Protein chains: 4
Amino acid sequence: MTLDLEAIYIDLHRHPELSFQETRTAGVIAAKLQELGIEFEEGVGKTGIAALLRNGDGPTIWLRADMDALPVPEQTGLEYASTARGTDPNGNDVPVMHACGHDMHVTALLGALERLVATKDEWSGTVVAVFQPAEEYGAGSQAMIADGVLERFPKPDIVLGQHVTPLPAGTIGVRSGTQMAASDGLTVTLFGRGGHGSRPHSTIDPIVMAAATVMRLQTVVSREVDPRDVAVVTVGSIHAGLKNNIIPAEAKLELSLRYPDDAARERVLAKVERIVRAEAQASGAEEPPTIVTDHTLPPTINDVDATAQLTAAFDAAFGGGTVIDPGMFTGSEDVSWFARDSGAPLVFWFWGGVDPQKYADAVAAGTVERDIPTNHSPFFAPVLQPTLNNGIDALVVAAREFLGTPAA
Amino acid sequence: MTLDLEAIYIDLHRHPELSFQETRTAGVIAAKLQELGIEFEEGVGKTGIAALLRNGDGPTIWLRADMDALPVPEQTGLEYASTARGTDPNGNDVPVMHACGHDMHVTALLGALERLVATKDEWSGTVVAVFQPAEEYGAGSQAMIADGVLERFPKPDIVLGQHVTPLPAGTIGVRSGTQMAASDGLTVTLFGRGGHGSRPHSTIDPIVMAAATVMRLQTVVSREVDPRDVAVVTVGSIHAGLKNNIIPAEAKLELSLRYPDDAARERVLAKVERIVRAEAQASGAEEPPTIVTDHTLPPTINDVDATAQLTAAFDAAFGGGTVIDPGMFTGSEDVSWFARDSGAPLVFWFWGGVDPQKYADAVAAGTVERDIPTNHSPFFAPVLQPTLNNGIDALVVAAREFLGTPAA
Amino acid sequence: MTLDLEAIYIDLHRHPELSFQETRTAGVIAAKLQELGIEFEEGVGKTGIAALLRNGDGPTIWLRADMDALPVPEQTGLEYASTARGTDPNGNDVPVMHACGHDMHVTALLGALERLVATKDEWSGTVVAVFQPAEEYGAGSQAMIADGVLERFPKPDIVLGQHVTPLPAGTIGVRSGTQMAASDGLTVTLFGRGGHGSRPHSTIDPIVMAAATVMRLQTVVSREVDPRDVAVVTVGSIHAGLKNNIIPAEAKLELSLRYPDDAARERVLAKVERIVRAEAQASGAEEPPTIVTDHTLPPTINDVDATAQLTAAFDAAFGGGTVIDPGMFTGSEDVSWFARDSGAPLVFWFWGGVDPQKYADAVAAGTVERDIPTNHSPFFAPVLQPTLNNGIDALVVAAREFLGTPAA
Amino acid sequence: MTLDLEAIYIDLHRHPELSFQETRTAGVIAAKLQELGIEFEEGVGKTGIAALLRNGDGPTIWLRADMDALPVPEQTGLEYASTARGTDPNGNDVPVMHACGHDMHVTALLGALERLVATKDEWSGTVVAVFQPAEEYGAGSQAMIADGVLERFPKPDIVLGQHVTPLPAGTIGVRSGTQMAASDGLTVTLFGRGGHGSRPHSTIDPIVMAAATVMRLQTVVSREVDPRDVAVVTVGSIHAGLKNNIIPAEAKLELSLRYPDDAARERVLAKVERIVRAEAQASGAEEPPTIVTDHTLPPTINDVDATAQLTAAFDAAFGGGTVIDPGMFTGSEDVSWFARDSGAPLVFWFWGGVDPQKYADAVAAGTVERDIPTNHSPFFAPVLQPTLNNGIDALVVAAREFLGTPAA
């Protein structure tokens with residue numbers, strides 16, 4: 001029994017699926033779990049899978065990988081680049097790409113399970129492997145929890161997870177405390193009055209309303225947040241109108257907000273709402289805008305003690321200097337819910353996926369931002385190796401650190 | 001032989017079709033022409049129809065009606081409101097509505113042909129009825145010309161056409177000289193750099209670039225055009241991004257521009273281009289924007305003598321005060337090409353489609369802009385009668401004015 | 001007795017005075033009126049002068065010239081360019097320039113009076129010459145009326161006035177009906193909260209509030225006024241802050257608005273107010289902005305019959321083609337009040353002050369806007385001759401047209 | 001000999017002076033130094049004073065206080081509030097206020113000198129007291145250095161300074177490494193074309209250009225700087241135009257920029273320049289803007305070892321918990337130059353000036369930003385006591401920590 005992990009990765013990369021549509025991906029995972037002889041349940045939280053590997057007494061650790069891809073048109077030029085398309089929640093036909101590396105997460109977790117199976121005599125305890133859907137909608141972990149994953153499987157003594165990131169391959173980034181930001185996803189709908197493109201005065205132009213709103217939203221971060229605090233207000237999508245000579249009746253904005261904690265969340269949300277409402281009034285809107293929260297992600301907070309323990313284990317396994325403190329990331333995660341709802345500690349770390357020489361060259365040239373594509377970019381692609389093996393190694397070291405040793 | 005014109009109108013209204021997709025509409029027209037015993041050719045300029053009614057010696061007049069509908073979600077609440085959908089040139093599935101009254105134009109022309117057939121002993125000459133597609137893309141008349149309509153049919157001595165408009169039913173609006181504005185439709189694509197919504201600094205945000213561009217484009221009209229001149233710069237559609245937490249790589253704007261003449265066109269286009277390019281530079285764009293002209297419409301200029309003659313004929317037929325000078329409209333038309341390319345004079349007039357009492361009430365209340373929906377609005381709907389009969393009457397009066405009388 | 005009119009003009013040009021500060025100018029006028037033997041009163045409406053020339057029976061005509069200059073730094077390069085400074089109503093020390101040609105208006109009226117005195121046997125009636133202050137604040141004519149000028153002097157049968165303008169010398173522009181726009185001058189004060197430039201989050205930045213307001217005000221004209229109507233929303237001054245590292249507590253904007261009539265005024269003012277208030281709300285202002293109307297000017301409406309009569313007289317005197325219809329001007333005037341409050345008709349015309357060859361060259365090159373400086377520009381300067389003589393001729397022809405002829 | 005320090009503070013607060021105009025302030029200082037019997041030189045760096053207190057062998061420490069006030073209209077309501085006015089570098093008459101607490105700095109340093117004089121038998125070494133002008137222009141320390149202060153006085157072994165700040169009285173804030181941001185002050189002049197307010201099309205409106213520039217500059221911080229990095233782009237003043245109906249020819253912006261280090265400075269400056277230039281191009285400016293650097297301040301970097309030593313001394317003197325790490329401040333200072341140019345270490349700390357109960361109440365209510373006025377606010381005012389005594393204590397403890405002890 002040996003999984004061809006590189007082939008699995010390439011297959012998953014070629015066939016990315018949007019959130020809560022990861023049925024083919026789930027099928028691949030299920031087939032491999034079967035090969036490994038690990039019991040599992042499918043359809044946990046719509047398209048999720050939870051697997052159970054019991055091996056005597058000892059702690060229960062959860063290893064979590066997310067599965068979904070993104071509506072991004074792949075431009076990596078890879079031989080195995082995606083040309084897939086999907087249907088997004090608005091019913092639009094969109095390109096789909098593993099632009100956030102979840103294919104790597106799934107493959108590395110399968111690889112780690114294979115190793116844990118092969119070394120059962122060296123550890124004892126229980127491993128729950130969580131293949132989570134819909135991380136990108138911030139909805140998958142809650143869906144699995146709502147579907148009873150915490151009751152149907154042994155409760156975690158610790159939750160462990162990892163994310164591939166544009167650090168040099170061979171580096172692990174992790175910090176105690178707040179590792180990733182809290183986040184909200186909002187949909188804002190602005191209501192104007194439609195009409196003929198040549199008669200703006202008979203309309204209330206929602207595109208001008210939207211443009212003014214986008215410009216004003218910049219001032220939340222530039223003027224209203226302490227320059228020493230972290231906050232992001234991104235308008236990630238704007239859609240209005242179907243034809244140049246028709247002024248549409250409404251405009252839709254999708255916002256992604258980031259902050260370190262709930263107090264900041266409340267402050268920033270209030271500012272965003274104030275601006276959205278006032279800009280509609282400035283346009284003379286006859287109907288106030290609607291602001292809908294599509295998802296809310298808590299900050300990802302690493303347990304202080306467990307992080308220290310794991311950092312030492314990584315350093316011991318991979319050599320000093322492997323682990324860096326990458327600072328708080330402004331990205332967000334829904335992995336926390338497994339830990340929050342079970343009361344278990346969490347450690348969530350990043351591992352590098354960039355060719356180290358390329359990374360070093362970009363640092364030297366001062367062109368990291370331009371030359372090293374980040375997650376969600378159409379150019380994002382970890383180098384297959386050593387990234388995959390590093391990810392497996394990290395998971396196994398982490399699992400073993402928190403599992404027990406067999407009674408002699 | 002009597003056409004049920006109201007039923008035709010309702011049928012067309014229920015089944016609107018986008019530009020160059022008017023196949024069902026063309027089928028209805030063809031069937032009715034056959035009923036009337038008028039010879040015609042289908043597929044002239046893709047989906048257009050040209051019909052020929054010879055009746056002895058005399059002038060050749062062209063009567064033109066446009067056929068296409070618009071991507072607008074009908075909200076009229078009419079029993080016969082459209083629920084149709086279509087596929088727009090970008091491949092999007094969109095709602096379709098006769099939001100510009102072309103269903104009324106087609107029906108009125110069929111009605112006028114029926115009357116002309118019935119009264120052949122009262123006039124002599126040749127009538128060419130032009131059912132033109134794709135007026136809304138500013139492309140249909142040129143497509144018919146490119147397809148040889150001016151060679152395949154007798155050349156016009158005069159081109160006549162009409163448009164239903166939110167004036168009170170019973171009113172005709174027409175003026176000598178420039179009746180409708182020149183126009184261009186532009187597609188502007190702005191290029192940024194995509195990335196993660198939480199890492200704006202690693203991207204070049206095309207949504208902020210687009211918003212700044214929209215705000216700046218307002219200054220063309222507010223600051224750079226003589227306040228006494230007519231100009232419109234409308235951004236009718238804006239599209240960027242697929243998800244709140246992904247900053248997309250580009251944004252697309254569709255612009256509709258209006259001006260009285262070609263000199264103004266050149267000036268305004270230069271200003272728009274200057275702003276679009278500079279705003280991309282302000283964003284640090286690494287690739288300059290592209291600006292594509294989708295269509296160019298000339299001003300619609302009514303022949304001075306023919307307009308005077310027709311105005312007198314309308315007044316004689318319908319009573320003094322029927323005809324008003326509505327001023328230049330900022331809307332645009334591609335009917336001119338038939339006249340320009342054949343050297344014939346043009347008269348293009350507007351007829352009212354609003355219940356006169358409702359119109360008078362709105363005038364009294366000062367709420368015309370708010371309460372009387374204009375063309376392209378989701379609420380636009382002429383009252384079926386007397387609008388339809390008025391349109392037929394106007395076409396017949398105009399045709400007879402410029403046709404000959406039979407030799408005694 | 002012969003006035004050296006060119007010397008008077010040059011002297012006035014060298015010594016411009018701001019509104020209601022025209023004391024030196026009034027002194028020059030008084031001295032010349034004395035030389036001409038015309039009775040007059042000084043200090044009418046603070047710094048105005050009204051002069052009375054009785055010459056038997058007949059109509060009473062008012063000839064009006066305004067006297068004040070502007071806070072503009074002269075850049076004409078003329079040998080007699082102004083280097084004067086003055087104190088504006090805000091207490092600021094500012095450069096002062098006759099950038100609107102009122103020095104030419106005063107000199108031409110003195111020249112016309114000299115001629116009327118010299119030709120008393122050719123006409124009969126009464127001439128009231130009104131040297132009005134503070135036209136640029138829209139306050140001078142009302143100040144003279146409040147000071148009793150309509151009671152202290154014979155009431156007008158007609159009010160006549162003229163303005164030098166960037167038309168070619170030799171051309172007169174005048175039209176029946178609305179000749180100049182109505183206007184309001186507003187001062188808007190925006191209230192934020194001051195603080196340290198490095199701590200924007202502890203402030204409410206009034207400069208960002210002001211910038212957003214200025215950008216949004218552009219949409220009144222670009223989106224909310226019928227493109228065929230005339231409207232101007234100019235922010236002519238913006239002031240906030242004293243030092244780069246202090247965020248100030250407030251910002252001040254001065255607006256100049258233009259429209260053809262009172263209905264449009266009401267609509268535009270409501271839009272401006274809506275935007276100003278909403279943009280303050282978008283900033284989270286704790287105190288609403290104040291909007292103060294500094295002056296209100298009615299439209300300048302020329303009497304239809306009198307304008308026709310005068311146009312014929314000009315054509316007879318200067319040759320056909322001298323008089324053109326310049327269209328409605330977006331500039332505004334307070335001369336109307338003399339006519340409105342007395343019930344007399346008004347004719348107010350423009351006369352050209354640009355070297356005809358230079359003007360023709362600019363027309364040919366399409367560079368009129370760039371090369372022909374307009375009123376209020378730092379480069380504005382009528383050519384001394386023939387402008388001055390043309391202005392005198394026009395006034396005399398107009399006066400004689402409406403005065404009586406002596407009984408034989 | 002006892003200085004009445006509270007009276008000195010009140011006197012200085014009542015009589016604030018702008019940068020490089022601190023002549024009355026210098027006079028007060030000189031008089032008090034004379035009372036204390038300390039030798040000093042006046043006019044060092046225009047209006048600065050350096051004083052020398054030798055007391056046997058031992059290290060040389062520099063104690064620095066800045067002297068200047070700001071163009072802010074005091075609104076504290078204090079009995080001793082300033083009503084002073086001054087003339088700023090642009091020649092404007094402006095209100096003047098000690099809105100940054102430099103009056104407290106001067107008074108505390110005089111108080112510390114008095115104590116050091118009184119306790120000469122307890123320490124040995126040399127104290128140089130530097131009363132520095134023009135900190136607010138970022139120019140005073142360089143002016144003193146250019147005037148030879150480092151040669152004319154004993155070179156420092158350490159430079160010490162302090163700043164009063166809106167922390168609760170009794171708290172001292174200091175950190176190792178970067179304590180305050182680097183900063184640049186820029187003046188941006190935008191060139192348009194002036195003209196009549198009613199004829200915007202004949203002008204290039206510099207106020208719209210300025211407004212668009214201000215809005216776009218917000219995106220430097222909101223989009224182009226890593227959300228985890230500190231950066232501030234403040235437009236602290238905007239001035240254009242003298243009258244509502246004249247569109248001016250130019251607009252002036254004053255910017256204050258903040259960053260942690262020189263690499264960030266270079267990046268932010270490039271972005272600001274890119275935006276300023278592009279926005280002028282978007283306006284069609286015929287002359288590019290000018291961008292002048294008025295001052296450049298380095299980051300204020302506290303020596304690691306000396307800061308640790310001083311923190312321990314403060315804790316020993318005032319009790320544990322007195323010293324907090326306030327984080328990096330986004331404010332900036334020119335005190336560094338004395339340390340940089342002499343090669344000496346620097347420690348610069350903050351001491352609290354807010355009534356502790358009031359501060360605690362604001363924290364509890366979550367209204368610190370609103371209720372606790374910051375430096376440069378018109379409402380800024382430290383409570384006189386215990387702030388003054390705390391400042392003296394801190395200076396004396398710091399001085400004694402780095403001076404020597406007398407040979408037994």
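Predicted model: local features only at pLDDT ≥ 70, side-chain atom pairs only at ≥ 80, totals over all residues.
Trainee: Is strand S18 of chain D, residues 346-354, largely enclosed or exposed?
Mentor: Buried here means under 20% relative accessible area. Nine of the nine residues of S18(D) are buried, so the rest of the structure leaves the strand largely enclosed.

Trainee: Which residues cover the two faces of S18(D)?
Mentor: Both faces are covered. One side has the buried residues D:Leu346, D:Phe348, D:Phe350, D:Gly352 and D:Val354.

Trainee: Do strand S7 of chain D, residues 158-168, and S18(D) pair in the parallel or the antiparallel sense?
Mentor: Eight bridges link S7(D) and S18(D). At one of the bridges to S18(D), D:Gly161 has D:Phe348 as its partner. The sense of the pairing between S7(D) and S18(D) is parallel.

Trainee: What is the bridge partner of D:Gly173 in S18(D)?
Mentor: Strand S8 of chain D, residues 172-173, runs antiparallel to S18(D) and is joined to it by two bridges. For D:Gly173 the partner in S18(D) is D:Phe350.

Trainee: How much area do chain C and chain D bury between them?
Mentor: The size of an interface is often given as the accessible area lost when the parts come together. In this contact, 56 residues come from chain C and 57 residues from chain D. Carbon and sulfur atoms account for 61% of the buried area, and the total is about 5000 Å².

Trainee: How many salt bridges does the rule find across the interface of chain C and chain D?
Mentor: Polar contacts are found, with 23 residue pairs across this interface. The side of chain C that touches chain D includes ten charged residues, along with 22 nonpolar and 24 polar ones. The number of salt bridges across the interface is zero.

Trainee: Which element gives the most to the side of chain C that touches chain D?
Mentor: Several elements each supply at least two residues, among them helix H6 (206-224), strand S12 (232-240) and strand S14 (250-259) of chain C. S12(C) also pairs with strand S12 of chain D in the antiparallel sense over three bridges, and C:Ala240 has D:Ile238 as a bridge partner. With eight residues, the element that gives the most is S12(C).

Trainee: How many salt bridges are there between chain D and chain B?
Mentor: This contact takes 26 residues from each of chain D and chain B, and the two chains bury about 2000 Å² between them. In one salt bridge, D:Arg216 and B:Glu279 have their closest N and O atoms 3.0 Å apart. The count between the two chains is four.

Trainee: Which helix gives the most to the side of chain D that touches chain B?
Mentor: Across this interface, twelve residue pairs are in polar contact. The elements that give two or more residues to the chain D side are helix H6 (206-224) and helix H7 (262-282) of chain D. With eight residues, the one that gives the most is H6(D).

Notes:
Residues numbered from 1 in each chain as written. Chains lettered and ligands numbered in written order. Heavy atoms only, no water. Buried < 20%, exposed > 50% of the residue type's maximum accessible area, 1.4 Å probe, protein only. Helix = DSSP H or I, 4+ residues; strand = E, 2+ residues; numbered from the N terminus. Pairing = 2+ DSSP bridges. Contact = heavy atoms within 4.5 Å. Buried area = accessible area lost by both parts, 1.4 Å probe. Salt bridge = Lys/Arg side-chain N within 4 Å of Asp/Glu carboxyl O. Polar contact = N/O pair within 3.5 Å; in protein donor to acceptor, adjacent residues only side chain to side chain. Nonpolar A, V, L, I, M, F, W, Y, C, P; charged D, E, K, R; others polar.
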